[in-house]
Amino acid sequence: MPECECWIDVGGTFTDCYLRLAGGALRRCKVLSSGCVRGIGALEVSGALVDTSRADDAPDLWRGCTIRCQFDDGEVEARRVLASAGAHLQLQPGSERAGFVRFEIDSGQEAPLLGLRMLLGISREAPFPSLRMRLGTTRGTNALLTRAGATTGVVLTEGFGDLLRIGHQARPRLFDLDIHKPGVLYAEVVEAPERLAADGSVLRPLDIESLTTRLLELRERQVESLAVCLMHSYRNDTHERQIEALAQKMGFQEVSCSSDVAAHMGLVARGRTTVMDAYLNPVLRNYVSGIEKSLGDGSSLRMMTSQGGLIQASAFRGRDCLLSGPAGGVVALAAVWPHVAPAGVIGFDMGGTSTDVSRYDGRYELRTDATVSGVDVSA
């Protein structure tokens, strides 16, 4: 059995970490979501830096990290931390300047891992004990907001290449004279020579040879992730599966099929959700797999989703990650509701980037469609 449990919430600015040891003792800490630590300390000519606020840090927690010291005149000097013991850090030789400095230590690791090391009191190189981690993260949402996802291509049924750009032709601001439509997440479009009928029967078999040539052109353009969304594939996913197998064989890093992501009627919503999934999956998989690898084989990791529940890290994908923080907050509100105010409770969560407000009076309100940063999501 794992020796301890931890619950970690990664926000846009701060990451909150809670740890319960095997004996039941609780610990908590807050770190910057960048994985950096900032402070003010006294720098000596010998290269020793003293910051009394870090007295409880584990020995060698910062060894091997990069530290940037800023002097009163604005000059910044970057050095490597050779050793650390609580409030005392020994830096590599640099200039012989001394005095009080503002500093930032780049831990070189994700914020959840840094917070966990601080709570466990272990060094940067020490292995983690066996534990259960429950993690909520804004990594996917932030990647969408900043358009920092993977270079993505989309495969649509021939003749519908512009469909996701055109959308439903809805005009939410009817009288605006200067309309700025949100950009699309995909970089390239491939039209697949195939067609299914509304009942899922095959009207035109998939032309694999022609499609192979078109997908090779995407690979040459450095497209790494592929979204596949064909007409009526929620009825019959045969052609999508053929394209998925071909794309994986050709070396695409990620392939998202609409019959997996959003298997329902409505090609525009299904296609846009599948593109978003393919766009975010490489970012999320690298992030989650990096944390899992650092935790080791004896630990387990589960992720918070936009449904307000937890799933295994291996099943976590772009479709599930958006607005998981607010959803988790509503679930927490529901848990305390009977003990606080049976008539209903208001939840107010102010973070460094955004504020979430919710109300609960005994039942959840569920929705399957949302728009996040100009992107339609159906999940």
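**View 1. Helix H7, a 29-residue helix spanning residues 267-295.** From its first C-alpha to its last, H7 reaches 40 Å, close to the 42 Å expected at 1.5 Å a residue (the expected span is 1.5 Å times one less than the number of residues). Helices here are DSSP runs of H or I with at least four residues, strands are E runs of at least two, and both are numbered from the N terminus. This is a predicted model, in which local features need pLDDT of at least 70, side-chain atom pairs count only at pLDDT 80 or more, and totals for chains, interfaces and linings use all residues. Residues are numbered from 1 along each chain as its sequence is written, and side-chain values use heavy atoms, with hydrogens and water left out. Look for the kink of about 35° at Asn-281, shortly before the proline Pro-282; the bend is the angle between axes fitted to the seven residues ending at a residue and the seven starting there. After H7 comes Gly-296, with a positive phi near 95°.

**View 2. The open sheet E12-E11-E15-E16, four strands with parallel pairing.** Two strands pair if DSSP finds at least two bridges between them. E12 (188-192) and E16 (254-257) are the edge strands, each with a single partner, so one side of each has no neighbour in the sheet. On average, neighbouring strands are turned by 20° against each other, direction ignored. Inside the sheet, E11 (residues 152-157) and E15 (residues 225-229) pair in the parallel sense over five bridges, and Leu-156 stands opposite Cys-229 in E15.

**View 3. Helices H5 and H7 on the sheet.** H5 touches E11, E12, E15 and E16, and its direction makes about 175° with that of E16. H7 lies across E11, E15 and E16, running at about 160° to E15. Contact means heavy atoms within 4.5 Å; axes are lines fitted to C-alpha atoms, for helices over the stretch in contact, and angles run from 0 to 180 degrees between N-to-C directions.

**View 4. The packing of H4 (residues 208-220) on H5 (residues 238-250).** The two axes lie 11 Å apart, at an angle of about 45°. Ile-208, Leu-211, Thr-212, Leu-215, Leu-216 and Arg-219 of H4 make the contact with Gln-242, Ile-243, Leu-246 and Met-250 of H5.

**View 5. The hairpin of E19 and E20, with four residues between the strands.** E19 (residues 345-350) and E20 (residues 355-360) pair in the antiparallel sense over six bridges. Val-345 has Tyr-360 of E20 as its bridge partner.
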